[in-house]
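Visitor: I am new to reading protein structures. Could you walk me through this one, step by step?

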Amino acid sequence: MDETETPADAPAGEAAVSSVKITKSFALPGAVFCVAGGKEPSQLYFGCSDFSIYRVDSDAEKPEPKPVSDGKHASYVTGLVRSGDTLVSGSYDGSLIWWDAEAGDVRHRVDSAHEKWIRRLAISPDGSTVASVGDDMKTRVWNARTADSIATWDGYQLMTPHGYPSMLYAVTFSRDGKWLATGNRTGKVIIRDAATGRVEATLETPVMYTWDPKARRHSIGGIRSLAFSSDSKLLAVGGMGQVGNIDHLGGVSRIEVFDWQSGKQKFEIEDTKFKGLVEQLQFGPDDEWLVAAGGDNGGFISVYDGAAGTLLAQEKAPMHVFDFQLSEDGSKLRAVGFEQASVVDIA
Amino acid sequence: MSDPAEVEHRRRAKRDLSRRGFLTTTAAGTTAMAADMGQINALQSEAVTKQLKQQGTRVILLWLAGGASQFETWDPKPGAKTGGPFQAIPTSANGVHISELLPELAQRMQHTAIIRSLNTKIADHGGGASLMETGRVRDPGLDFPDLGAVVARELGRLNSSVPDYVSLYTSTEGRRKGTSGVLGARYAPMFLSDNMIPLNLAQLESVTTVDHKDRAALRDVFAKKFSKNRNSAAVDSHMSAYQRVRGLMASEQLFNVENEPAEVRARYGPTQFGEQCLIARRLVEAGVPFVKVARAWWDSHGQNFETHQELCADLDHSMSVLLDDLSERGLLENTLVLTLGEFGRTPRINASLGRDHFANAWSCSLSGHGIRGGVAYGKTDPEGNTVVDGEASSADLFATVLQALGIDHEHEYMVGSRPIPMADFGASPISDVLA
């Protein structure tokens, strides 16, 4: 930790963001774990705990989510990406489905894409490939149009060091599409060459994983979110700090930012005001700031300085946030979560 | 008028003496009795066989401390708003489905009956645990013994060379020692919380084994001489206490799983719960009537599904191996395995993806001795909010367990002048799950 630059060391200067303000919230039909943007910025697609995929115009006066299709997954929908007019969804049922985003028809289906729960999907910046991660601890890469399997990569233990099933939660592409990062329950990050699968670096964030050896004898936590900076040099890793009572999401929300190629941790953030998991992360334009969202029984949206981790602005969310879409200019964030969605202005 | 406690003591001493006499004439030691019921069955009258069978009966309680979710174990509701993400899977029992988190147990459902209709109402940890341990709501004027103490008293032997009631509770959260209540310290559990091998049982290093045996023999000589013309419960009790101490000292090795072959240990797996299930098997095999293995902590207010992915994997494997091991050794027909906690969990999934405390419609399981396997008794509504068929109370469950063990649940303990039935007033055994 000697190499860590703490928020207190951050240089003073004009803040890139001074305000995070929720302008609208509306009801969702269940817990919503994933969101993909539509062709219009206000249009959202999302995957829900009722096993369905919906679309909604978030700018409508009274947003009303509508199912994309009569078809469903057989469990929670936990990953959703869009490539042109195709949506790709992943579920705890282990399947991936390619949908016509407008008509709702199923274009392709892979029933056993993963042997266990699919946790998240990521789409390459050029829209050509989809990456999926699941609790079989595999990372798989798919053709976003044809559903052909391109690659399958291992690299994680199936079991935790304490003898229980591990989980592979997070995946993201770098903005140039060159790198693919994944993160698991015990705090291990693998960064690969997205084209070849070659492992370029591994990072360890053990604080994200709490094992309680005495009082409750199980674990909680894990890496829940990953984000590259726009120049791909930095990698932000989100989760939760160590937890005393693991019955609850009682740990501080935690982010570690790495210069991943050197393995050096640039800084870490622990937010004691809003506890719980950091479920999603993204650097803003020019990497001046980093937005994080998540929660426990409640939720938060926080913006930090991208170079030093200083808190710039934050807002209590009306729900635990599981995912969000950030507009290209970084001025608007559309968050989804537990039974609600919010539209947020960042200024 | 005789003291009721002394009368009861004499009754039990006489019963045990008659058994000892019988066993001597058949050249079968008490340990051998447990090991080879079939041989004894072939030799004896129906009445004696029944008595012996009861004496050979054991209970293993797998205590899911903190409250496991019925949705993620025995009463899945896939597709319901409350159902969570897991699927239901078929089992070896026709028409019975359980959570996909229990695939190994699903293949062994022929040994197991599920009760899906517990409505026990008390949803705080302490009150719920007390209720499920004793089968009745706390009565400030009555310190009622828990199930382990009742079984220890009813199925244990006065001259037992092994403990009657062993309780393993390693985690600290929700730890409860158990209580023998009005039955007294004689039936209190040997409680192991830190070391799985009891402390202070080993023979002192300063005393050689020869000296130890010689001292015991000398004490026996004096004791027999002293008790020759005395017919006293106090003397019997004193003698019994010495025998028990000697037996307990000898039982130390029962707790040491390193005495098991490596392949057996590997079969139970790497987790502490698995190891403790192996200890439980060793104990019941040696004749311990009641063993409680607590697996904490299921209190999943946050991240319920991931907590159950971890803990159900542990339960599924450890309990399955335990059932197999008991069955292969011919012990399952004499051993009742009861699996439950203090309550279940809410249908409502909260924002932390957790489930909270819920006691109005939840489940437990019973396997092995006295149980009709392959049965799912009772029913909850499609979202699991209420019991719609076969509602059962903690007292009903208590009565069911006692009935399965061949113990009259209406038998009364005299507490002073107050008769207290073993299962609470109004309790009714659930005959559908009984063999």
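**A tour in questions**

Guide: This is a predicted model. In it, the centres of domain 2 of chain B and domain 3 of chain B, taken over C-alpha atoms, are 36 Å apart.

Visitor: Where along chain B does domain 3 lie?
Guide: The domain bounds come from an automatic or database assignment. Domain 1 covers 1-55, and domain 2 has two pieces, 59-197 and 270-433. Domain 3 of chain B covers 200-255.

Visitor: How many helices and strands does chain B have?
Guide: Chain B has 435 residues, and 49% of them count as buried. Among its contacts between residues at least 6 apart in sequence, 72% join residues at least 24 apart. As for helices and strands, chain B has 13 helices and 16 strands.

Visitor: Is helix H7 of chain B largely enclosed or largely open?
Guide: Count its buried residues. They include Leu147(B), Val150(B), Arg153(B) and Glu154(B). In total, 9 of the 9 residues of H7(B), residues 147-155, are buried, so this helix is largely enclosed by the rest of the structure.

Visitor: Which helix of chain B gives the most to the side that touches chain A?
Guide: In the contact between the chains, 24 residues of chain B meet 23 residues of chain A. One helix of chain B gives the most to its side, with 6 residues: helix H12, residues 304-328.

Visitor: How many residues on that side of chain B are polar?
Guide: Sort the side of chain B that touches chain A by class. It has 7 nonpolar and 4 charged residues. The polar residues number 13.

Visitor: Which residues does Leu80(A) contact, beyond its neighbours within four places in sequence?
Guide: The list runs over several stretches of chain A. It includes Cys34(A), Val35(A) and Ala36(A), and also Leu87(A), Ser89(A) and Leu121(A). Also on it are Tyr45(A), Phe46(A), Gly47(A) and Ile53(A).

Visitor: Why does strand E4 of chain A have one side without a neighbour in the sheet?
Guide: The open sheet has 6 strands in the order E4-E3-E2-E1-E28-E27 of chain A, with antiparallel pairing. E4(A) and E27(A) stand at the edges, so each has a single partner strand.

Visitor: Which residue in E28(A) is the bridge partner of Ile22(A)?
Guide: First find the strands. E1(A) and E28(A), residues 332-346, run antiparallel and are joined by 8 bridges. Within this pair, the partner of Ile22(A) is Val344(A).

Visitor: Is Thr23(A) buried or exposed?
Guide: Thr23(A) lies in strand E1 of chain A. Leaving out residues up to four places away in sequence, Thr23(A) touches Val343(A), Val344(A) and Asp345(A). Thr23(A) has 9, so it is exposed.

Visitor: What distance separates the C-alpha atoms of Thr23(A) and Val343(A)?
Guide: Along the chain, these two residues are 320 residues apart.

Visitor: Which residue in the turn between E15(A) and E16(A) has a positive phi?
Guide: E15(A) is mostly covered, with 5 of its 6 residues buried. 5 bridges join E15(A) to E16(A), and the two run antiparallel. They form a hairpin with 5 residues between them, and the residue with a positive phi, about 85 degrees, is Gly197(A).

Visitor: Which residue takes a positive phi in the hairpin of E14(A) and E15(A)?
Guide: Here too, 5 bridges join the antiparallel strands. The hairpin has 3 residues between the strands, and the residue with a phi near 95 degrees is Gly187(A).

How values were computed. Residues numbered from 1 in each chain as written. Chains lettered and ligands numbered in written order. Predicted model: local features only at pLDDT ≥ 70, side-chain atom pairs only at ≥ 80, totals over all residues. Contact = placed C-beta atoms within 7 Å. Helix = DSSP H or I, 4+ residues; strand = E, 2+ residues; numbered from the N terminus. Nonpolar A, V, L, I, M, F, W, Y, C, P; charged D, E, K, R; others polar. Pairing = 2+ DSSP bridges. Buried ≥ 20, exposed ≤ 12 C-beta atoms within 10 Å, placed from the backbone.
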